[in-house]
Structure formats: structure tokens, C-alpha cells
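Good morning, colleagues. Please take a moment to look at the sequence and the model on the screen. I shall then go through several local features in turn.

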Amino acid sequence: MAAPLEVRDLRTTLFTRRGEMPAVDGLSLTVGAGETVALVGESGCGKSLSALSIMRLLPDPPARIVGGSVLLNGRDLVTLSEEAMLKIRGQEIGMVFQDPLSSLNPVATVERQIAEVLMAHTDLSRSQARRRALELLEQVGTPDAARRLDAYPHQLSGGMCQRVMIACAIACHPSVLIADEPTTALDVTVQAQVLGLLEHLQVDSGMAMIFITHDLGVVAEIADRVVVMYAGRKVEEAPVDDLFEAPLHPYTAGLIAATPVPGAQRAQRLADIPGMVPPLNALPTGCAFAPRCKRVMDVCWKEKPELTQPAPGRMVACFAAEKDAA
Amino acid sequence: MERFGFLARFARNRGALAGALMILVVALAALVAPLAFPIDPLRIVGAPELWPGEAPEFPLGTDSLGRDILAMIVHGARATLLIGLFASAVATLIGVSAGAIAGYFGGWIDETMMRVAELFQTIPNLIFVLTIVMILGSTLTNIVIAIGIVSWTSIARLTRAEFLALRDREFVQACRAMGMSNLRIIVGEILPNALPPVIVLSSLVVAGAVLFESAVSFLGLGDPNVASWGRLIGDGRQLIRSSWYISAIPGVAVMVTVLCLNLIGDGLNDALNPKLRDR
């Protein structure tokens with residue numbers, strides 16, 4: 001069976017007064033049924049923009065998809081009309097956002113939020129939608145779900161709000177779920193619950209999931225494969241265990257080194273990556289990571305490294321890694 | 001519980017409570033007018049220019065033609081309130097639709113609609129109302145439409161501002177990610193959030209509409225078949241030096257009603273504005 005979601009060479013450019021900025025630059029990504037692919041990188045490296053490009057939710061202007069394709073169950077979303085996209089969003093792709101409280105309508109009850117999604121995509125009546133909303137709330141593990149139906153978002157905890165968001169996202173059984181930092185705004189304990197819930201739902205339904213995060217601990221927990229992004233490009237892709245065991249790209253290695261390990265000596269400082277993600281309108285001509293890279297070589301300043309496949313299932317775009325492999 | 005809280009917050013503003021009670025009295029008068037005074041209030045029923053209290057059957061006296069002023073006031077309440085409410089409804093309907101579309105879509109749609117709104121704002125309101133009424137003819141419906149056309153711009157601007165602030169909020173993006181159409185998002189998701197300040201403004205437009213109608217009727221352009229307060233003031237103005245009560249009684253009615261409507265607007269603002277809630 002073909003993978004539910006296949007992104008090929010996706011390019012999204014921001015057309016602004018300060019020039020054209022390649023926000024997503026040739027991203028390719030395949031997510032199989034029941035598989036979780038984590039999209040990892042620092043702030044501003046194009047993770048969220050990639051997700052919004054897949055959903056075709058970026059405002060045009062300034063953002064426009066200038067190339068590539070997004071195949072959802074064999075259909076190319078990039079060329080679809082806006083009306084057709086309305087049916088796809090929420091129905092075939094669900095999305096969960098970072099801040100659950102601000103992602104819910106402050107003046108609508110939980111029941112209405114879920115029912116709105118159902119009624120936008122199905123022919124359910126109000127009372128049927130209410131019953132279905134209750135089922136969904138129970139499915140996402142809401143204690144005392146019947147009473148929560150009439151609650152407003154501000155009366156719920158962050159974790160509860162995120163459960164409601166997830167209920168909205170899976171209401172129509174999408175084949176792909178995009179979770180954009182769904183646990184970043186939550187307490188660590190609640191975070192674990194929500195991750196458990198997402199995994200559980202995925203096992204039940206066989207959804208494909210893209211999980212966007214900058215937290216490598218979360219990645220280790222939930223992902224099957226990891227795609228590391230930097231400045232709008234994919235720099236490394238690997239199965240999750242291989243990635244943590246032997247990162248090929250110096251950026252990935254830096255990210256892993258910058259993650260605190262419990263039990264490590266306190267005196268030991270966390271290794272940070274010097275510098276910041278370069279602004280998109282001032283990308284260097286060579287590798288975008290070169291100015292921050294410990295293993296930078298002459299060629300890195302002149303040419304952009306292409307993605308290579310050093311081992312089955314692994315990909316990396318780095319001259320230093322190529323040298324290691326040779 | 002929510003509803004109750006709203007009422008409690010409204011009632012905490014004493015002025016608003018008094019205003020609401022007074023308007024309730026006026027509304028009640030308007031409601032029972034055909035029962036209490038079943039004959040046409042514009043019919044001549046007694047001697048002309050009886051002062052209030054002069055004859056027991058006419059507590060507020062009679063006007064220059066011998067018509068019962070109390071009957072005309074009570075029937076006038078009907079016309080005045082209806083015009084106020086419907087004109088405000090028309091203005092709110094136009095204003096909210098225009099403002100919502102302009103604020104939500106932005107870009108050239110916003111530019112165009114706001115320029116049109118400005119065009120309306122440059123014309124002096126009263127002259128605009130009079131012009132429309134003269135062209136369309138002096139009927140209640142036309143006066144309502146005229147006042148609505150003149151009053152929608154401020155509501156449109158307010159609605160637009162609210163939509164501009166709300167449309168980039170995350171929950172709107174979440175709605176779009178769930179595949180809701182623009183119409184569904186505008187009406188079902190953003191509008192309920194934008195409504196509170198708009199309701200306050202609409203209640204003030206009712207007061208404005210009452211004044212507009214009075215002015216139009218005073219100038220003799222009102223519906224000739226309806227005893228509105230403005231018309232009573234206008235009818236009495238030639239006798240202002242001898243029988244001043246003929247103008248003064250409906251004048252007080254207009255003043256009290258408009259004042260009460262403004263008080264209600266203030267109370268609604270207190271009750272609906274979340275920033276003032278904890279004061």
C-alpha cells in the first residue's frame with residue numbers, strides 16, 4: 001500500500017519587501033500508515049511552515065508554494081482548489097497546535113467546538129453531533145466527559161484543552177495527523193499523558209503522524225523516524241534509534257549534545273551550538289550551517305551539500321559526513 | 001450561571017438599571033396603546049388647547065386642534081421605539097456584514113469597503129437622512145431605512161477592528177485547519193467573539209435613531225399617519241409662547257427615552273466588556 005502522505009521536493013517561498021526567502025527548500029518526506037515521523041529543528045528552521053504548507057494554510061501573500069508536490073492518498077494537494085482543500089482539512093488531515101488554550105474558541109463550549117468540525121464535514125444533526133462529541137471526549141480520555149461537554153475552554157486545564165483539540169482533530173478519522181509541538185505548552189506529567197494518548201490513538205486507527213518538536217526527549221519517546229531540518233532544508237533523516245546512536249550531521253550531533261541527560265554531573269555545562277539560525281534572507285551561499293559548524297571545511301562555504309544516502313534508510317546532507325563515509 | 005452573571009453585572013450599574021426600567025415602562029405603554037386608547041389618537045376628541053389637569057378626561061391636555069396629548073404620547077412611544085429598534089437593526093445588519101467582510105478578508109476588499117464607509121461619513125447625517133426620506137417618501141419603513149443607511153458606518157468600523165484583531169488568533173487558524181469554510185468561521189467562530197462591543201454600540205444607535213426620527217418628524221417629513229413624538233413637538237411649535245406644554249411634553253418624552261437608552265448602553269458596556277468586569 002502506498003504511504004498516506006508523500007511530500008516531494010516541496011518549496012515554499014516568502015515574497016516580502018526584503019526579498020524572496022526560501023522558507024521550505026526542497027523538503028521530501030514520506031509517512032507510512034501507523035508511522036510517526038518527527039520533524040526536528042530549532043525555532044525558525046521551517047518546521048511549522050512545512051506543516052502549514054502541507055495543509056495549504058499559509059497566507060498568500062506573502063507565502064507561496066513554488067514547487068514540489070504533496071501527495072495525500074495519491075492526490076496532489078498543491079494543485080487542488082481551495083474548495084477541495086476545505087474537504088481535505090479536518091477530514092483527511094487533522095492538525096493539533098502548540099497552545100491548546102488559545103487554539104480553542106474562547107466563547108464556545110467544548111461540545112460546540114467538536115460539533116462544528118463534525119457538522120462541517122458530515123451530515124450529522126445537532127443531537128447526533130453532541131453524542132459523537134461525547135464519544136470522542138471519552139476516546140481521548142477525558143474524565144467526567146459528560147460534564148465537560150458544556151465547559152468553556154477557560155474552565156479547563158491545559159492538558160484537558162489539548163485533549164479537546166485532539167478530539168477535534170481526529171473527529172473525522174483523518175489518515176494523517178500533523179501535531180505541531182502539541183506538548184510544548186504543557187507540564188511534563190501532562191506531556192507524557194498526551195504523548196501516550198497520541199500513540200494509543202495511532203495504534204487504534206493506523207493514522208500517519210507528523211510530529212513537530214524541538215524536544216529530542218519527546219522524539220525518542222514517540223517517533224519512528226526523524227527528519228532534522230535546518231534553514232528550510234532537510235539535513236538528516238534516520239530511524240530514531242540510529243539517529244541517537246550515531247548522528248551523521250554535525251547539527252544533529254549538536255542538538256543531541258545540547259539535550260540535558262538526567263544523572264549527568266552538574267558541573268558539566270550543556271554543550272550549546274554557537275550562533276543562531278541565519279535569517280532566511282541572508283543565507284550563506286554554501287551550507288547554511290557552516291558558520292556554526294565545528295567541522296566546517298573550505299567546500300562548505302562554497303557549495304550546498306546535497307542529500308546522500310550513506311546507509312539504507314538514512315540520509316544526510318553534509319560534506320563532512322560524506323568524507324567520513326568515504 | 002453565565003446569564004445570571006451578566007444580569008448581575010448589568011444591574012450593578014444603577015443608572016443602567018433605572019434606564020432599563022424606564023424603557024420597560026415606555027415599551028409597556030407602546031404595547032398597551034391600542035387597548036388603552038382604541039380610537040385613532042389623531043382624531044379630534046375635545047376642546048383645543050386644554051392645559052394638563054384642566055379637564056379630567058385629558059390628563060395631559062389637548063393640542064391646538066383638540067387632540068388628546070396622552071393618547072398621542074402613548075401611541076407615539078410605539079412609533080418611536082419601533083423606529084429606533086428597527087433602524088438600529090438595519091444599521092447593525094449592514095455594519096456587521098460590511099465590517100466582518102472587510103476585517104476578515106483584508107487587502108483590497110477592506111480598502112474598498114472602508115473608502116465607501118468614509119464616503120458615507122463625509123455627508124452630514126441629518127441632511128443625508130432628510131435627502132433619503134424626501135427621495136423615497138415619508139413612510140415609517142423609509143425613515144427606518146434612511147436612518148439605518150446613515151448609522152451603519154461606526155458599527156462597520158468597530159466590527160472591522162474586532163475582526164482584524166481576532167482573525168489572526170490561533171483558534172481561527174485551528175478552525176481553518178479543521179476545514180471550516182470562511183463563512184462558517186466568520187459567522188460561527190469570530191462573530192460571537194466580536195459581538196459584545198458591537199451590541200453596546202447598537203444600543204447607542206437606537207438612541208441616535210430616536211433623535212433622528214424626531215428631527216425628521218419635527219421638520220414635517222415624518223409619516224403623516226403616525227403620531228410620533230417629533231411630530232408632536234413640531235405641531236406645537238407655533239403655540240410655543242402660549243401653550244408651551246404641547247411641545248414640552250413630547251420633548252421630555254424624547255429626552256428621557258434617549259437618556260435611558262444611553263444609560264442602558266453604558267450598563268451593557270459594563271456587563272459585556274471583560275476588561276471592566278472586575279472593577
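Predicted model: local features only at pLDDT ≥ 70, side-chain atom pairs only at ≥ 80, totals over all residues.

Let me begin with the cysteines. The count of disulfides over all chains comes to zero. Cys172(A) takes part in none, and the nearest cysteine sulfur, in Cys168(A), lies 9.8 Å away. Cys172(A) is also buried, with a relative accessible area of 13%.

Cys287(A), at 14% relative accessibility, counts as buried.

I turn now to the sheet in chain A. Eight strands make up an open sheet with mixed pairing, and their order is S6-S7-S8-S3-S9-S10-S12-S11. At the edges are strand S6 (93-96) and strand S11 (308-311) of chain A, each of which pairs on one side only. On average, and with direction ignored, neighbouring strands of this sheet are turned by 25° against each other.

Which arrangement do strands S7 and S8 of chain A adopt, parallel or antiparallel? Strand S7 (residues 176-180) and strand S8 (residues 208-213) run parallel and are joined by five bridges. Within this part of the sheet, Asp180(A) has Ile212(A) in S8(A) as its bridge partner.

Next, the backbone torsions. Most residues other than glycine have a negative phi. Arg56(A), however, has a positive phi, near 55°. Arg56(A) sits in the loop between helix H1 (47-55) and strand S4 (63-72) of chain A. Asp144(A) is another non-glycine residue with a positive phi, of about 60°. With a relative accessible area of 42%, Asp144(A) is partly exposed.

Finally, I come to chain B. Which residues form the nonpolar patch on the surface with about 440 Å² of accessible area together? They are Leu28(B), Leu31(B), Val32(B) and Leu35(B). Of this group, Leu35(B) lies in helix H2 (residues 14-36) of chain B. Leu35(B) counts as exposed because its relative accessible area is 71%, and the cut-off for that class is over 50%.

Thank you for your attention.

How values were computed:
Residues numbered from 1 in each chain as written. Chains lettered and ligands numbered in written order. Heavy atoms only, no water. Patch = residues over 30% accessible without salt bridge, like charges linked within 9 Å, V, L, I, M, F, W, Y side chains within 5 Å. Areas by Shrake-Rupley, 256 points an atom, 1.4 Å probe, with all protein chains shown as cover. Salt bridge = Lys/Arg side-chain N within 4 Å of Asp/Glu carboxyl O. Helix = DSSP H or I, 4+ residues; strand = E, 2+ residues; numbered from the N terminus. Buried < 20%, exposed > 50% of the residue type's maximum accessible area, 1.4 Å probe, protein only. Disulfide = S-S within 2.5 Å. Pairing = 2+ DSSP bridges. Axes fitted to C-alpha atoms, helices over the stretch in contact; angles between N-to-C directions.
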